[in-house]
Amino acid sequence: MKHGGNIYQFAHHLGCLPEQILDFSANINPQQAVDLSYLQAVSLGPYADPDYKSLKQAISARYNYPANADIEVFNGASAAIFALLRWIQPQDLVLYTPLYGEYAHIAGELGCKLYNINRLNSLMMDIPKNSTVIFVNPSTPDGQLYDMQERLAAWQAADCNIIVDESFLDFCMADSVAKYIARYDKLYIIKSLSKFYGCAGIRIGFIIAAEQAIKELKRYEPAWKLSSFDMMYIQQALANTDFVEQTRQQTAHRRNLLQCALQSSGLFERIYSGQANFLLAKLADQLDGSHLQRLLEPSRILIRVCDNFEGMDNRYVRFAVKDTLSISLLADSLKMLSQNIGSR
């Protein structure tokens, strides 16, 4: 499956080291919340706690959810997605596109009848009764932040299973919809921790849902699916409460720098006003994403071409919000390309 962040393949193609790549394809926070020296005391000898009590306590302290809800942890948000859909076994699956390809992939494996609703055109469309709906907020690849109250009411009226993926919500000043589980027990929240805490190699995600749903879901889960190292890392990251506001401020500032870099290049027909840690842009007629990627190879810059998102072609590209130096280097490269294209 095509995905951002394959710096190893890109570096091999260019004949350089992976750490020499400027990776704008993977929307991972460039800052990290943990000093690795704290992890030297991790005991690797005994088995980890199979109930993940300390980790769940750390997650509960960071994220609010109602008294009738519980959480279950997974080896990354993708594992959570697969586990939840396999447990629900939906007959009708409604995807508000564009969104992650993993959702359509697992729908194909489960034999679901798939309904795609292009949310960029309209959200006000009828859906099958008793279906399972999946909505990403803020969305990807465009980063739009939605007011969910009206949507939740419509889905609840249709007696739907509701899955809201909030993997990028931590970057925004917005509340989770987890509080609505208190009055609707068919609502499921998926969270990723690797994106906000800048640790793609630490694979931990979790689901918030009604207690009974979590109890049933856990029956199908293996013991010891998380390592002691991963758990300690995330516990330390969650304990760094100052990191949250620092990251939100830095992301907003750097996102503005990135938007200016894209706008000033003159290469793009449209730049979407996202609220997450990435920006979607649509190239002007003379370029497509694959062509732009080839032109950026001498600068060792990797971007995300979005042609495998439902409803998008290869004129759509996504740029992660990186550190200020990386954004400056991208701006210089785009400006040079624009000048070269204009002189032809």
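Me: Is F309 buried or exposed, and what is its relative accessible area?
Reply: In this predicted model, F309 is placed in the loop between β12 (304-305) and β13 (316-320). Residues count as buried under 20% relative accessible area. F309 therefore counts as buried, its relative accessible area being 6%.

Me: Which residues is F309 in contact with, leaving aside its neighbours within four places in sequence?
Reply: F309 belongs to the loop between β12 and β13. With neighbours within four places in sequence left aside, the residues in contact with F309 are P98, L99, Y100, T140, P141, R304 and R318.

Me: How far apart in space are F309 and M336, C-alpha to C-alpha?
Reply: Along the sequence, F309 and M336 are 27 residues apart. In space, their C-alpha to C-alpha separation is 29 Å.

Me: At roughly what angle do the axes of helix α3 and helix α4 cross?
Reply: Two packed helices are described by the angle between their axes and the distance between the axes. Helix α3 covers residues 77-88 and helix α4 covers residues 101-110. Their crossing is right-handed. The two axes come within 10 Å, and the crossing angle is roughly 35°.

Me: How do the residues of the contact of α3 with α4 divide into nonpolar, polar and charged?
Reply: From α3, the residues taking part are S78, I81, F82, L85 and R86. They meet E102, Y103, H105, I106, E109 and L110 of α4. The residues of this contact divide into six nonpolar, two polar and three charged.

Me: Why does the salt bridge of D285 and R315 tie together parts of the chain that are apart in sequence, and how many residues separate them?
Reply: The side chains of D285 and R315 meet at 3.2 Å, N to O. D285 is in the loop between β10 (278-283) and α9 (289-296), whereas R315 is in the loop between β12 and β13, so the pair ties together parts whose separation in sequence is 30 residues.

Me: Which strands stand at the edges of the open sheet of seven strands?
Reply: The order of this sheet is β2-β8-β7-β6-β5-β3-β4, with mixed pairing. An edge strand here has a single partner, so one side of it is left without a neighbour in the sheet. The edge strands are β2 (69-74) and β4 (113-118).

Me: Which strands of the sheet does helix α2 touch?
Reply: β2 and β8 (residues 205-210) pair in the antiparallel sense over six bridges, and F74 stands opposite G205 in β8. Helix α2 (residues 53-62) packs on the sheet, its direction making about 125° with that of β2. The strands touched by α2 are β2 and β8.

Technical notes: Residues numbered from 1 in each chain as written. Predicted model: local features only at pLDDT ≥ 70, side-chain atom pairs only at ≥ 80, totals over all residues. Heavy atoms only, no water. Helix = DSSP H or I, 4+ residues; strand = E, 2+ residues; numbered from the N terminus. Buried < 20%, exposed > 50% of the residue type's maximum accessible area, 1.4 Å probe, protein only. Contact = heavy atoms within 4.5 Å. Axes fitted to C-alpha atoms, helices over the stretch in contact; angles between N-to-C directions. Left-handed = near helix turned anticlockwise from the far one by under 90°. Nonpolar A, V, L, I, M, F, W, Y, C, P; charged D, E, K, R; others polar. Salt bridge = Lys/Arg side-chain N within 4 Å of Asp/Glu carboxyl O. Pairing = 2+ DSSP bridges.
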